[in-house]
Amino acid sequence: MTRPSRSEASRLTLVCAIATIATGVTVLTGWTLHVDLLTRMFVGNVHMLPITAATFVIAGVSLWMQRVDTDEASRLSFVSRGLAVLVVVIGLVTLAERAWGWSTGLDGLLFPATLARLPYQPAGRMATNSAVSFVLAGAALFLLDGQTRRVRQTAHWFSTLGITIAALALIGYLYGATALYQMDVAASMAVSTACAFFALYVGILSARPGASWAGRLVSRTGTGMLARRLLLALTIVPLALGWLYLHGRDYFSREIGIAILVVVIMAIQLTVLLRAAAIVQRGERAQARALEHAAAARDEAERANRAKNDFLAVMSHELRTPLNAIIGYGALLRDGIPDPATPGQRNQLERIGASAKHLLALIDEVLTLSRLELGRERITPTRVGIASLCEEAAAMMEPEASRKGLALTLHLPEPVYTMTTDAGKLRQALVNLITNAVKFTDRGGVQVRAWGEDMGSVVVFEVEDTGLGISADHLPMIFDAFWQVDQAPTRRVGGTGLGLHVTRRLVRLLGGDVVVRSVLGEGSCFTIRVPRAYWEAPAEGGSMDVMDTGELVASRAG
Ligand code: ADP
């Protein structure tokens, strides 16, 4: 739902609160100065009783204090809720008096002598429908800022019920239907009272427009505008028609009157319907145009992204050639070809060689990523030994692990167990995980495990270390491209922040996924799960695969 315009809604509440208070004060002034017109607020023959007027003042002040949902309002909320309770109590006491014929003296608190001269019975007691309306209004004011949405909605439903009672009374006066405004023998809701209730309830509903249907009416959006227009057409017009029908009875028969009424109502409803349809259609067209623009922008962004990836792929490729030459010639010089190098020169040539290899690895990573983004990575499935795959990956990091004094331990199934997948990509993923494990571990060791799951249809690879670990806050980000934990050890060991991103994309390409568990300061464990056969094995090979499968599962080690 669109958010209603708060300032407009609160202005409406303020106007309603002032109108309610002003009505109550005017009527009380009328009673004080004995001005009959004022006690009826210039309309109808029924007076608004002093107790009713006083209760309107109390309810209006409570609403005024709660007109906006602000700090100032919450400071006043204690007082305003107290006033709301007072309104409920006055309503309930009156109802009890009416039901059981009691007299608590509430009716005679104000102007008893003047009231005794009027025909209302018992003198000064407000009508049942007015009392019910006050109970509902007081409860709604009390619950306006309830803790839960359900409580706040209840406040709105009380107001909805209250506004219906007031509307019925007004329609009753308009059409001369006594039963709609008079429930007691010698007391009824005055026209002025019904109007004041109307203002009070509109104020309550607009005070927190977000909590119910009232929000849709005061919303500044197209929906709000449409709702407001329809509201007028759907309320005032039938009301006026009903009135015309009743008062035109002298000029035409009942049948003709009803026929005209039905036709006019139908015409109005159709007009409203067509107007609403036109507005909705306009909205749909605007939405379609916006979608078209969004699609064009997306295409443009995709084109730009593809161009960027193309550029990266070409550049990386072009960089590899001279870099390989640097590495090759550097190695020759170090090995004394064509002339022997001094120990100092050899030392520096080794550093050049290490840096060049590091640069080559980075370029390879960027190249892989751009190929993945372009969708150019093709899968070439081959049958490969699960254990040998892990051993090859681990062998690449073995020298670095022993240099750091770390134990690199493998727990692998027997060499007979194979899987069908793109060995190069899976090996690269494993190398990335083992590289990180060795890179971010200073004490303890790294364990590489592999076993089968799901009847051997899935192969699980686990790389566990006893290193730095990753905090829970950082875990969701580590697979993002170019993301690194911003801390000294990360900067010390270097890297691009691409390794895990590329790993996850490669593993997903192979139909699997990679997840991580980690405790800061204790270590991390990365788990890759990939299908054992990248494509379905031919039917005749099935039985062998099943046999393989069971044993691989049983072979879980570590
Ligand atoms: P990098 O090239 O920086 O290693 P990665 O994508 O491989 O990029 O990793 C992203 C970040 O995740 C690393 O910078 C590091 O902070 C964290 N990380 C990855 N693996 C580990 C691990 N085994 N132990 C602790 N931190 C890790």
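## Helix H7 and its packing

In this predicted model, the buried residues of helix H7 pack against helix H6 (128-143) on one hand and helix H8 (191-207) on the other. The buried set in H7 is Ala155, His156, Ser159, Thr160, Gly162, Ile163, Ala166, Ala169 and Gly172. If you're wondering about a pattern like that, an α-helix has 3.6 residues a turn, so residues three or four places apart point the same way.

How does the end-to-end span of H7 agree with its residue count? H7 covers residues 149-175, which is 27 residues, and at 1.5 Å a residue they should span 39 Å; the end C-alpha atoms are 38 Å apart, so the two agree. Just past the helix, Gly176 takes a positive phi of about 70°.

Setting aside neighbours within four places in sequence, Phe197 is in contact with Phe56, Ser130, Ser133, Phe134, Ala166 and Met189.

On to the gaps. There are two cavities of 30 Å³ or more. The largest cavity holds about 90 Å³ of space. Of the 15 residues that line it, His47, Leu49, Met126, Ala127 and Ser188 lie nearest its centre. That lining splits into nine nonpolar residues, five polar and one charged.

The second largest pocket holds about 800 Å³ of space. Its lining has 23 residues, with Ile163, Phe198, Val202, Leu231 and Thr235 nearest the centre. H1, H7, H8, helix H9 (214-218) and helix H10 (222-247) each put at least two residues into that lining. By class, the second largest pocket is lined by 19 nonpolar, two polar and two charged residues.

## Helix H12 and its partners

Buried along H12 are Leu349, Gly353, Ala356, Leu360, Ile363, Glu365, Leu367, Thr368, Leu369, Ser370 and Leu372. These buried residues pack against helix H11 (254-334), helix H14 (423-439) and helix H16 (499-509). Just after H12 comes Gly375, with a positive phi of about 70°.

Is Ser370 buried or exposed? Ser370 sits at 1% relative accessibility, so it counts as buried. This residue of H12 (residues 343-373) touches Asn309, Leu312 and Ala313, not counting residues up to four places away in sequence. Over in H16 you'll find Arg505, which counts as partly exposed because its relative accessibility is 27%. With neighbours within four places in sequence left aside, Arg505 is in contact with Leu369, Leu372 and Glu373.

## A strand residue

Arg517 belongs to strand S6 (residues 513-519). Leaving aside neighbours within four places in sequence, Arg517 is in contact with Glu462, Gly523, Ser524 and Cys525. Arg517 and Thr321 are 196 residues apart in sequence, and their C-alpha atoms are 39 Å apart in space.

Two cis peptide bonds to look up. One joins Gln121 and Pro122, with omega about -20°, and Pro122 lies in the loop between helix H5 (112-116) and H6. Another runs from Ile337 to Pro338, with omega near 0°; Pro338 is in the loop between H11 and H12.

His34 has a phi of about 60° and lies in the loop between H1 and helix H2 (36-39). At 54% relative accessibility, over the 50% cut-off, His34 counts as exposed. Met41 has a positive phi of about 50° and is found in the loop between H2 and H3. Its relative accessibility is 23%, so Met41 counts as partly exposed.

Technical notes. Residues numbered from 1 in each chain as written. Predicted model: local features only at pLDDT ≥ 70, side-chain atom pairs only at ≥ 80, totals over all residues. Heavy atoms only, no water. Helix = DSSP H or I, 4+ residues; strand = E, 2+ residues; numbered from the N terminus. Expected span 1.5 Å × (residues − 1). Buried < 20%, exposed > 50% of the residue type's maximum accessible area, 1.4 Å probe, protein only. Contact = heavy atoms within 4.5 Å. 1 Å grid on protein atoms, 1.4 Å probe; cavity = no way out; pocket = protein on both sides within 12 Å on 5 of 7 lines; lining within 4 Å. Points joined across faces, edges and corners; volume = space filled by probe spheres on them. Nonpolar A, V, L, I, M, F, W, Y, C, P; charged D, E, K, R; others polar.
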